[in-house]
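Please read the following briefing alongside the chain shown below, which it takes topic by topic.

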Amino acid sequence: MGRHAFRYRLDDAFFACFPEGDIRQAELAVDLVLERTERLMRLHFDFQGWFKTVCDRCLNELNCPVSFQDEVIVRFTGEADEREDEDNLWWVEEHQDKLDLSQYFYDTVVLQRPIQLFCPEDEHGRSTCNAAMTERVGAEEKAEPSGALSEENLAVLRALKKEV
């Protein structure tokens with residue numbers, strides 16, 4: 001019972017446990033203040049730091065700053081299946097004395113990545129993306145998709161259709 005403070009470090013080793021993600025490197029500190037009463041716990045989180053991810057346009061590595069707070073309420077119940085967790089409300093059995101926060105930490109940090117992330121623009125408003133990569137991607141977009149029919153092939157198919 002009472003108020004307790006914890007500090008967690010989320011670094012490369014932590015994110016290596018989640019290989020499906022696109023976080024390359026990270027250095028984050030999570031300060032947790034846990035307030036426990038007889039029927040619930042309030043968890044106050046403060047996330048600070050950064051992680052590396054890739055530009056959506058050219059795949060250059062970019063630093064993504066992280067700075068936000070979150071709160072979760074943990075309620076105790078007689079049976080674990082009695083209630084379903086919500087975003088900021090978790091249900092745990094009364095006798096449970098440990099709470100695994102690793103998936104919560106991972107999901108919460110990943111959600112801090114913007115939907116689209118591009119290299120910053122220079123002082124003249126031009127993109128600083130890797131020019132070789134953007135040219136290559138642009139060339140592939142302009143090229144005829146693989147498996148597409150040329151006019152010559154379409155003419156042959158039209159002729160066959162008329163014969164049937």
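Burial is judged here by relative accessible area, where buried means under 20%, exposed means over 50% and partly exposed lies in between, with a 1.4 Å probe and protein chains only. By that rule Pro 114 is partly exposed, because its relative accessible area is 33%. The model is predicted, so local features need pLDDT of at least 70 and side-chain atom pairs count only at pLDDT 80 or more, while totals for chains, interfaces and linings use all residues. Residues are numbered from 1 along each chain as its sequence is written, and side-chain values use heavy atoms, with hydrogens and water left out.

**Overall architecture**

- The chain holds four helices and five strands, where helices (H or I, at least four residues) and strands (E, at least two) are DSSP runs numbered from the N terminus.
- Read from the N terminus, the order of these elements is β-α-β-β-β-β-α-α-α.
- Of the 164 residues in the chain, 27% are buried.
- Taking a contact as heavy atoms within 4.5 Å, residues 24 or more positions apart account for 53% of the contacts in the chain that have a separation of 6 or more.

**Surface**

- The accessible surface of the chain comes to about 11,700 Å², and carbon and sulfur atoms own 49% of that area; accessible areas come from the Shrake-Rupley method with a 1.4 Å probe, and for residues only the protein chains shown count as cover.
- Val 156, Leu 157 and Leu 160 make a nonpolar surface patch of about 270 Å² (patches take residues with over 30% relative accessible area and no salt bridge, joining like charges within 9 Å and nonpolar side chains, namely Val, Leu, Ile, Met, Phe, Trp and Tyr, within 5 Å).

**Salt bridges**

- A search of the whole structure finds seven salt bridges, each being a side-chain nitrogen of Lys or Arg within 4 Å of a carboxyl oxygen of Asp or Glu.
- Asp 56 and Arg 113 form one of them, at 2.9 Å from N to O; Asp 56 lies in the loop between strand E3 (40-54) and strand E4 (61-77) and Arg 113 in the loop between H2 and H3, so the pair ties together parts that are 57 residues apart in sequence.
- In that pair, Asp 56 is partly exposed at 38% relative accessible area, whereas Arg 113 is buried at 16%.

**Aromatic rings**

- The count comes to 13 aromatic pairs, where rings of Phe, Tyr and Trp (its six-membered ring) pair if their centres lie within 6.5 Å, and planes under 30 degrees apart are stacked, over 60 edge-to-face and the rest tilted.
- Phe 15 and Tyr 106 form a tilted pair, because their ring centres are 6.1 Å apart and their planes stand at 55 degrees; the pair links distant parts of the chain, with Phe 15 in helix H1 (residues 12-16) and Tyr 106 in helix H2, 91 residues apart.
- Both Phe 15 and Tyr 106 are buried.
- Ring pairs also link Tyr 8, Phe 45, Phe 47, Phe 68, Trp 90, Tyr 104 and Phe 105 into a cluster.
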